[in-house]
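User: Please take me through this model in short questions and answers. Start with the overall picture, then go into the details.

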Amino acid sequence: MRGIITCEENRMRKDIIYTLILLLLIDIAIIADIPGLRQSLPFLFFTFIPGYLLVRNFDIGFIEKFVLSAALSIALLMFVGLFVNSLYPWVLEPLSLAPLLVSLNILMIVLCVFSFWKEKEIKFEFKGKLSVRPLMVYPLFLPVLTVLGSYVMNIYSINLILLFMLISIPVYILILALERDKVSPFVYPITLYCIGFSLLALNILPSNYIIGRDIHMEYYCFKTSLLNHHWDIHDPYHSYNSCLSITILPIIYKYLLGVPPTLIFKFYYPLIGAIVPVPMYVFARRILKSREFAFYATLLLMFQFAYIYMGQYVRQLIAFVFFATAIMTLTIPIKESYKKILFIVFILATVFSHYTSSYVFFAVVAIPPFIIWAGKHLKGRFHFPWKYSRTFSNKNLALLFFVIMFLWYVQLTGPQFRQVSKVIIETFRSMANFFSLDLRNYSEQAVVGIGIAHLPNFLSAFVHDTIFALIGIGVLALFFKSEYRKKYGVSDEYIASTIVILAILASFVILPYVSKAYGGARLFSQLLVILAPCFIIGVKFIVDYAKKFRIPFEREKLMRTLILALLILGFICTNYLQYELFGIPYSSAYDNGSERRYETFIYDSEVIGAQWLNNYGNKKATIHTDRVGDHRILLGFNKKPKTDNLFFNNTGPFQKGDYIYLRHLNINEELVFKDVPGRPPRFINGRLEMDNVEPLTKYLWLLADKNVIYDNGGSMILFG
């Protein structure tokens, strides 16, 4: 026995020694700025090893350990960064290389000591056969094709590689379905990660700069803290400032990796965000008791508009990692005390990362215990058709969650609380105009068939409405059918959570203004982590019900066919391939003439023009531009200038000494964005008709009597 213990202790000592040696090598790579090594090793080490040292002794599978290691490591980076930042003003530049590197080294030494004193035997093994076949290796090429294809598209405007990559994904999924009996268990999570990165990167890599809407304000908050070497918790500028995921975390990666700041958002964050489908797969697998159907349930999340564009609002992307891992944590076989500690850590990390994700997370945690409590006490008057069990989430956990949010968003940071208050007030005010379409997002209108302009748009609405209906059927099947609850072994807590989620989603369609303040598509993607298994259950219910008509079919085969058909159609719609088929340019990733590319793609010449204005312009003057021109201006300025992005809406007066900034679209296409698009583009008489986009010639009178003081062909600055 003593020999076995000594052997195990030696193994542990070797692991700790190897970790410390690797830490030393990484320090050298960072300090010496060794090309290649600095851009890769620190990212891999600090994104996985700190968390791994905490969970290395858990008797769980490799996939679960991988996810927990990543989520805990990222959370620890934020916590350490927040601690170092709090040393200001004793340390004048806390968010700089030396303080951060010293702090992270201390963290690693502490974690190594903690891990060393754990006596439990280490189990870190692969379960299942690892037969390597060429077909199973293909997903590893998807990220390469995405990066290469984006480069070719940006430089040469050739989209063949990107289109091949996109088309190969549904083809590969079909092949996996045909070869399901020969698929290794690890193929599914690896495929999910590779597809996840490819879809995220596809919509963030175009252009040499960050692209999107929210991401420009996120990047500005990051750049402000980076230039100050300090995050100002009391900065009243924007509610985004309360998110450590876009202030402290990217600064840590910036100094560790020594890469251009934009690359953190464009490349490294998609690498982190691609983790999201993996914990969801683990959660779905335990409910559905099938790797294959868990894979399909996870694909449902990944084939949503909000997920593939989540790289353009990265604060939610990071919060999504913590939320999905927290849900997975509920199902892993570890001590309840460890499980609750992990759950609370991920609650804290979510609150630090993104406010709306935290509110949704809170609703999912806080409301189900009260539903279950009500069901117990109202049995005589209102019968719930299941037996109640002890639940994980409870009133104390809900109270703790609320206290954490209150302290962070109300007491410590301020703007976010004021923003939420505004949304609540505006929602109540808008009830007087309950039926006004202007108070609802066009994606929510499309759910009920409003605003559908053409066949590709109809196909997208039809597919998504069918999926919504099947999810609802799945929830009802679990609620009313005891055989489904028994088959899938779901708890009363899970059923109560799905009811809460459906109520939240319904409110986004029913209540005015809510979907305007926060897109329902983004909310739906987050909640699919819990809700997606109900899609599979809903399809099963339909197939089981169809047998009453005595139609000759194999039920599981029909079930698989329906699921795959809807998933592939959903994939086609969310990547706008149906628009491509009908000759309507729409995708910003692979269509040069698309409406989204007109809005989001940023040219070098646009940023160079903004930098010129930053260097030589009057800092006190207002810069007038179109609705999305201020995104380009922000990239050229270190400190946010005074801008008017509603100039062409005639809402802001032009005063003597002000500037007009015209971007590439204004000059070369003679178009202006009066507002971000309110509905999908139409293709009428061979011409792309876009919402809220008008010809520049209509506003030439606004440019009259103004002097051109800068023109590089892609941006122009006028002075008056």
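**Contacts, sheet and helices**

Analyst: Among contacts in the protein between residues at least 6 apart in sequence, 74% join residues at least 24 apart. The model is a predicted one.

User: How many helices and strands does the protein have?
Analyst: The chain is 720 residues long, and 57% of them are buried. As for its elements, the protein has 32 helices and nine strands.

User: In what order do the strands of the five-stranded open sheet lie?
Analyst: The pairing in this sheet is mixed. Strand 2 and strand 8 are the edges, each pairing on one side only. The order of the five strands is 2-1-3-9-8.

User: Which residue of strand 3 is the bridge partner of Ile623?
Analyst: Strand 1 covers residues 623-624 and pairs with strand 3. The sense is parallel, over two bridges. The partner of Ile623 in strand 3 is Tyr659.

User: What angle does the direction of helix 29 make with that of strand 3?
Analyst: Helix 29 spans residues 604-616 and packs on the sheet. It touches strand 1, strand 3, strand 8 and strand 9. Its direction and that of strand 3 make an angle of about 165 degrees.

User: And at what angle to strand 3 does helix 30 run?
Analyst: Helix 30 is formed by residues 629-636. It lies across strand 1, strand 2 and strand 3. Its angle to strand 3 is about 105 degrees.

User: Is Arg663 buried or exposed?
Analyst: Arg663 sits in the loop between strand 3 and helix 31 (664-669). Beyond four places in sequence, its contacts include Tyr598, Glu599, Glu606, Phe673 and Gly714. Its relative accessibility is 1%, and the cut-off for burial is under 20%, so Arg663 counts as buried.

User: Which side chain makes a polar contact of 3.1 Å with that of Arg663?
Analyst: Leaving out neighbours within four places in sequence, Arg663 is in contact with residues including Asp626, Val628, Gly629 and Arg632. The 3.1 Å polar contact joins the side chain of Arg663 to that of Asp626.

User: Which side chain makes a polar contact with the side chain of Asn645?
Analyst: Asn645 is in the loop between strand 2 (643-644) and strand 3 (659-662). It is buried, because its relative accessible area is 17%. Beyond four places in sequence, it is in contact with Thr625, Asp626, Arg627 and Asp630. The polar contact, at 3.3 Å, is with the side chain of Asp630.

User: Is Lys656 buried or exposed?
Analyst: Lys656 also has its place in the loop between strand 2 and strand 3. Its C-alpha is 9.0 Å from that of Ala621, 35 residues apart along the chain. At 83% relative accessibility, and with the cut-off for exposure at over 50%, Lys656 therefore counts as exposed.

User: How far from a polar atom of the Lys619 side chain does the backbone oxygen of Asn614 lie?
Analyst: Lys619 is in the loop between helix 29 and strand 1. Its C-alpha and that of Lys642, 23 residues apart in sequence, are 8.1 Å apart in space. The backbone oxygen of Asn614 lies from a polar atom of the Lys619 side chain at 2.5 Å.

User: How many nonpolar residues does the contact of helix 8 with helix 12 have?
Analyst: Helix 8 (residues 187-202) and helix 12 (residues 277-288) pack at about 145 degrees, with axes 9 Å apart. Their crossing is right-handed. Helix 8 contributes Tyr188, Pro189, Leu192 and Tyr193, and helix 12 contributes Pro277, Val278 and Tyr281. No polar or charged residues take part, and the nonpolar count is seven.

User: How far apart in space are Met559 and Ile537, C-alpha to C-alpha?
Analyst: Met559 belongs to helix 26 (residues 555-574). It is buried, with 7% relative accessible area. Beyond four places in sequence, Met559 touches Phe293, Ile536, Val539, Lys540 and Val543. Met559 and Ile537 are 22 residues apart in sequence, and their C-alpha distance is 9.9 Å.

Terms used: Residues numbered from 1 in each chain as written. Predicted model: local features only at pLDDT ≥ 70, side-chain atom pairs only at ≥ 80, totals over all residues. Heavy atoms only, no water. Helix = DSSP H or I, 4+ residues; strand = E, 2+ residues; numbered from the N terminus. Buried < 20%, exposed > 50% of the residue type's maximum accessible area, 1.4 Å probe, protein only. Polar contact = N/O pair within 3.5 Å; in protein donor to acceptor, adjacent residues only side chain to side chain. Contact = heavy atoms within 4.5 Å. Axes fitted to C-alpha atoms, helices over the stretch in contact; angles between N-to-C directions. Left-handed = near helix turned anticlockwise from the far one by under 90°. Nonpolar A, V, L, I, M, F, W, Y, C, P; charged D, E, K, R; others polar. Pairing = 2+ DSSP bridges.
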